[in-house]
Amino acid sequence: MSYTSYTYLLIFLGAVFICYTALPKKFKWTVLLISSYVFYWINSKRLIIFLLLSTVAVYFAGVFLNRINDTAALAKKGLEKEEKKQVKALVNWQKRAVVALAVGFIFTILLVLKYSAFFAHSLNSAFGFLHFEELKFMLPLGISYYTLQAAGYIIDVYRGKYRASENFGKVALFLSFFPQIVEGPIGRFDLLADPLYEGHSFDYDRLCKGVQLIFWGLFKKTVIADRVNIFVSEVFGSYKYYSGSIILLGGLLYTLQIYAEFSGCMDIVTGSAEIFGVPLSKNFERPFFSKSVNEFWRRWHITLGAWLRDYVFYSVSLSRPFMKLSKFAKKHFNEFLGSLVPASFALFFTWLGIGFWHGAGWKYIAYGLYYYAIMTAGMYLEPLFAKLYSALKIKRDSKPLNIFRVARTVILVVGGMMLFRADTVGVWVGMLKCVFTSFGAGGFLKTALTLGMDKQDFLIVAVGAAVMLIISILQEKGINVRDSLARQKLPVRWCAYAALVMAVVIFGAYGPGYDAVDFIYGQF
Amino acid sequence: MNKTGLKQLIKALSFMCVLLVLIVASSYMLAPKDNTAEGGIVNPNANGFFSEPKDSIDIAVVGNSDAYSGFSPLELWNEYGYTSYVSAEGHQTVAQSYSQLKKIMKCHSVKLIILETDGFFTRSKLVESTAKLINASMGSAFSVFQYHDRWKRVKPNELLKAPNYTAHCTAKGQWLSNEVKGYMGGEYMVKTDKREEIPFSTKTSLDMLVKMCAENDIKLLFLELPSQSSWSYKRHNAVKDYADEKGITFLDLNIDRESFGFDWKTDTRDGGNHLNSRGARKATLFIGKYLSENYPLSDHRGDNRFKQWNADYKEYLEKVKI
């Protein structure tokens, strides 16, 4: 049941909303829990067992951590300082063991189901004498998302950020909430718990706003992303037959597709959750206005980046071996390198994590390392750039330089997206080679119009992308487009809303002649 | 409900009305104005009934590829003078048959509906079949959901034009095939008491279809044309149970095939899945005989208004080589 299907939008969401509105406040969260499990069952059937297993592990780990903390607090009363230290050490050891077991358990499920074939294949290829069976498992829906969310929850409890919930149903809802289970955003318990559990009465404005956001997401997904899918599939599937200019267009359109689709999906799910008064975390903040790749990743898939920062980067940075490395670097290098070497070491694990999280394949690891290489190069070359700007008397915040930086970031991101979409790293290299060595702009238009998109398709994609761009520019200037529109007179508002709905109905790539396109990020 | 609530309700309903008007208007503007492939209609063969003279079709045949391969309206015409149209499509589900019938009933006062039963067992999950049912209903109620993509081709002067259906489907929806690829395997209709369950969603659509026939005083006949690869006795039993429960006649041509001279070696085009024109002729003549004995259908052969059918039959004979 896709988020863009009538079944989800008209029947499922409608029925859940009616039940949620009809039930008394204290039972409302149970409607969300039951509907989330129904949604999961419909999409994943028996694989729901893995979601349950992770939920049980995390729930009990949380309860154990609470007990350990409570017992320690009691035990510490009346003790001397030295004895308190001993208790603390013992408690820390126990807590670490509980967290390690729970996180280890849920990550083992993820690793076995998602990565065992990849590991077996890699080992078999590297060592000819090994013959591990390359087992491929069906992946439970959203396993990469709920595993991170579950791990984040239990690590936060361990770190004392909040107390674990002792209500199994509530933990189960936090991990399975249907709008975010397929593609995130990866939620944090301290932000989600209250809105999820407190129950909200019917609110007309909230309902309208949620529905508007859903339609805006549908516009991005069906009008823009799905329309370019045939072209992109053809170019990436048979790039050898096409000139570099067509491959470049394929890369640009894929970048547009993945952005329109992923951010469109986030709008649909954020709108769905908004109807129930649950604000989901922001996952995008106009990433294509970024002046550096670093900034791009702070604006793209924000919750994944934040998760890796909080639970990988910081964990690595605060680990003993890393501290030792840091000390060593500061002692043996100058100040600049002394802080940079350890940081690039910690970043390596973060980017390896990002690449590996996206999929079980070398190209995904290469995808993570591609960005790692760009970022570390930027960090190490920073003094050089500073000297260059100073020599050329270029102001660092001048408009032309910023435009150049944005364009440079877009080019680097398109390169990364092409790697992400290409079948293998070899294919990606082949495509880039074509772009640089046989651009072949002659006959470009003629060929472009034979790859599944006609003139009208290009026109509608261009108009759709322009609408997205205009709205992004307004938002970048600090204008809240939704609120501004809501302040307009009724005829203006209604014209805008009706135009949005009709654009989806008429210009959406659905129905006869179109295959339903699964969400790209739903496959991770 | 307080004053604010009432105001909000009125506002929401008014906006829905605006949307409804837009959807109805765009449905009218984007709907194909002709039932030819060039006119943009989906499955022109199955939609040829639009251009048959009004109320000239007495029998509507719906179902999947088994139906358009194995039922010959022109053989039925030639032998019994009954007018029929096969509005079948590949993988047509019962939900889709239902919406197709609704379209037919707008143009013709159908006396009998023949529903090919192979589509009862189209395997799809509950959610998928529900989605298909909703899609079919949305497309049937507002053609913009089915034909929205015509914005690319529609000319400005076509937008407000009334439909003018011009396609002439000589074979009346039948897929003519002179191919012969016989089935050489063993008997597949082995008697059993077991049943293959008709999916819940199919039953829901079936119930709607049965109700629609009852409300419009249209007779309904379940028909299973010979198909070695898709039919079985378990399916026969399941359909028979449902038909008996609803008081519907079920004609299964997989049983007692010898009675109408059917031969798997010569009457199939693809090794036992679909019938060829010869198989369709044999099956249709058998069905025609049954209809003539059990249904009060009119023989239009002497009626001047139907003389085109004779010309179509001649053309049909020229195309059928087996």
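What does chain B average in pLDDT, and what share of the residues score at least 70?

Figure 1. What you're looking at is a predicted model. Chain B has an average pLDDT of 91, and 98% of the residues score at least 70. Scores for the model come out at ipTM 0.79 and pTM 0.83.

**Figure 2. Where chain B touches chain A.** Here, 21 residues of chain B are in contact with 18 residues of chain A. On the chain B side, the elements giving two or more residues are α1 (3-30), α5 (126-141) and α6 (144-147) of chain B. The one that gives the most is α1(B), with seven residues. Sort this side of chain B by class and you get 13 nonpolar, six polar and two charged residues.

**Figure 3. Two helices crossing in chain A.** Now zoom in on helix α6 (residues 168-176) and helix α8 (residues 189-197), both of chain A. Their axes come within 10 Å and cross at roughly 115°, which means α6(A) is roughly perpendicular to α8(A). As for handedness, the crossing of α6(A) and α8(A) is right-handed.

**Figure 4. The residues that meet at that crossing.** From α6(A) come A:K170, A:L173 and A:F174. They meet A:F189, A:L192, A:A193, A:L196 and A:Y197 in α8(A). What kinds of residues does the contact of α6(A) with α8(A) have, by class? Seven are nonpolar, none is polar and one is charged.

Note on methods: Residues numbered from 1 in each chain as written. Chains lettered and ligands numbered in written order. Predicted model: local features only at pLDDT ≥ 70, side-chain atom pairs only at ≥ 80, totals over all residues. Contact = placed C-beta atoms within 7 Å. Helix = DSSP H or I, 4+ residues; strand = E, 2+ residues; numbered from the N terminus. Nonpolar A, V, L, I, M, F, W, Y, C, P; charged D, E, K, R; others polar. pLDDT = per-residue confidence, 0-100. Axes fitted to C-alpha atoms, helices over the stretch in contact; angles between N-to-C directions. Parallel < 35°, antiparallel > 145°, perpendicular 65-115°, else oblique. Left-handed = near helix turned anticlockwise from the far one by under 90°.
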